[in-house]
Amino acid sequence: MILKDIWLDVKAVKARDPAARSSLEVLLLYQGVHALIWHRFAHWFYKHRLFFIARLISQLARFFTLIEIHPGATLGHGILIDHGCGVVIGETAVVGDNCTIYQGVTLGGVGLNKGKRHPTLGNNVTVGAGAKILGSFEVGDNCTIAANAVLLKQLDNNVTAVGIPARPVKIDGVPIPKEDKKDEAMEYFCKMETRIKEMEQTIESLQQELSVYKNGGDHDKDGQPAAGAGE
Ligand SMILES: CC(C)(COP(=O)(O)OP(=O)(O)OC[C@H]1O[C@@H](n2cnc3c(N)ncnc32)[C@H](O)[C@@H]1OP(=O)(O)O)[C@@H](O)C(=O)NCCC(=O)NCCS
């Protein structure tokens with residue numbers, strides 16, 4: 001079973017990394033593949049509650065590959081960890097089949113609570129270089145998280161999300177119309193305009209009241225001379 005997983009990982013690199021030349025080269029020289037091989041063994045020990053050995057293997061893997069996968073993490077088949085340096089995958093993270101993870105990605109938790117605290121990636125998810133996915137939520141199948149994005153919320157299937165915090169920009173490869181964003185901005189500006197008008201009216205009436213006090217109170221509240229004033 002472990003050998004089959006390793007073979008699928010090698011095949012995934014050959015299929016999805018244009019720089020990969022032969023299966024032997026991938027097996028011997030790709031540290032993403034090495035990290036996955038170490039992890040498959042570490043996870044076996046973890047599942048058999050041999051936590052020390054599991055952790056020891058994952059730390060050795062980290063030392064040699066610069067990729068840290070907690071032995072408790074559940075990884076599917078055909079995963080490509082490209083370049084890999086700086087990848088961190090937390091204990092309760094789940095990565096579906098055929099996912100692609102670039103260097104500097106974190107599948108991490110927020111807070112110190114025990115239990116499920118890391119994300120669950122569906123199948124065929126791509127996580128761009130440096131992206132952080134933080135928290136216990138699901139990322140749907142075929143999603144793409146942009147390089148350097150910080151994703152803090154669940155994503156439906158087939159969504160491309162970019163930015164900090166990451167927001168959907170495409171669904172099924174089709175850009176989300178920016179009109180929606182324009183409408184939002186217009187609504188905001190209209191509210192601001194109304195508020196400014198209210199504030200101008202308030203300032204005007206305060207100025208009028210002030211001028212009444214300045215003129216010794218011999219003007220009415222509209223700023224007009226009071227009846228009998230100056231006689
Ligand atoms: C997210 C990604 C897949 C977008 O690809 P795409 O589907 O071709 O999308 P587009 O290029 O049409 O971009 C859509 C919008 O997202 C923005 N965008 C794309 N990537 C972004 C990023 N990393 N950060 C912020 N915004 C980004 C674009 O500027 C564009 O915005 P606009 O519509 O306002 O102009 C791609 O940009 C990406 O980040 N891939 C990761 C690649 C990677 O990590 N490679 C490492 C190799 S070592």
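The model is predicted: local features need pLDDT of at least 70, side-chain atom pairs count only at pLDDT 80 or more, and totals for chains, interfaces and linings use all residues. Residues are numbered from 1 along each chain as its sequence is written. The protein has 5 helices and 16 strands. Helices (H or I, at least four residues) and strands (E, at least two) are DSSP runs, numbered from the N terminus. With a radius of gyration of 30 Å, well over the 17 Å that the globule rule gives for 231 residues, the protein is more spread out than a compact globule. That radius is taken over C-alpha atoms, and the globule rule is 2.2 Å times the number of residues to the power 0.38.

**Overall shape and domains**

- Taken along the principal axes, the C-alpha atoms fill a box of roughly 110 × 40 × 25 Å.
- The domain assignment gives domain 1 (2–175) and domain 2 (177–231). Such bounds come from an automatic or database domain assignment.
- The C-alpha centres of domain 1 and domain 2 lie 59 Å apart.
- Of the 231 residues, 30% count as buried. A residue is buried if 20 or more other C-beta atoms lie within 10 Å of its own, exposed if 12 or fewer, and partly exposed in between, with C-beta atoms placed from the backbone.
- Among contacts with a separation of 6 or more, 30% join residues 24 or more positions apart. Two residues are in contact if their C-beta atoms, placed from the backbone, lie within 7 Å.

**Helix α3 and the residue after it**

- Helix α3 (residues 31–47) has 17 residues. From its first C-alpha to its last, α3 reaches 24 Å, close to the 24 Å expected at 1.5 Å a residue. The expected span is 1.5 Å times one less than the number of residues in the helix.
- The buried residues of α3 are G32, V33, A35, L36, W38, H39, A42, H43 and Y46.
- Their cover includes the helices α1 (2–16), α2 (23–29) and α4 (51–65). It also includes the strands β1 (68–69), β2 (74–75) and β3 (80–81).
- R49 follows α3 and sits in the loop between α3 and α4.
- R49 is not a glycine, yet its phi is positive, at about 60°. R49 is exposed, with 7 other C-beta atoms within 10 Å.

**Ligand shell**

- The ligand is surrounded by 14 residues. The closest are G128, A129, A146, A147 and V162. A residue is near a molecule or strand if its C-beta atom, placed from the backbone, lies within 6 Å of it.
- By class, the shell has 7 nonpolar, 6 polar and 1 charged residues. Ala, Val, Leu, Ile, Met, Phe, Trp, Tyr, Cys and Pro count as nonpolar, Asp, Glu, Lys and Arg as charged, and the others, Gly among them, as polar.
- Strands β14 (159–162) and β15 (167–171) each supply at least two shell residues.
- V162 is found in β14. V162 is partly exposed, with 18 other C-beta atoms within 10 Å.
- Not counting residues up to four places away in sequence, V162 touches A146, A149, R167 and V169.
- V162 and N148 are 14 residues apart along the chain, and their C-alpha atoms are separated by 8.1 Å.

**Loops on either side of β14**

- N158 lies in the loop between β13 (150–151) and β14. N158 has a positive phi of about 60° although it is not a glycine.
- N158 is partly exposed, with 18 other C-beta atoms within 10 Å.
- Q154 also lies in the loop between β13 and β14. Q154 is partly exposed, with 14 other C-beta atoms within 10 Å.
- Q154 touches F137 and E138, not counting residues up to four places away in sequence.
- Q154 and D17 are 137 residues apart in sequence and 28 Å apart in space, C-alpha to C-alpha.
- P165 lies in the loop between β14 and β15. The peptide bond from I164 to P165 is cis, with omega near -15°.

**Helix α5**

- R195 is found in helix α5 (residues 179–214). R195 is exposed, with 10 other C-beta atoms within 10 Å.
- C-alpha to C-alpha, R195 and V105 are 44 Å apart in space, and 90 residues apart in sequence.
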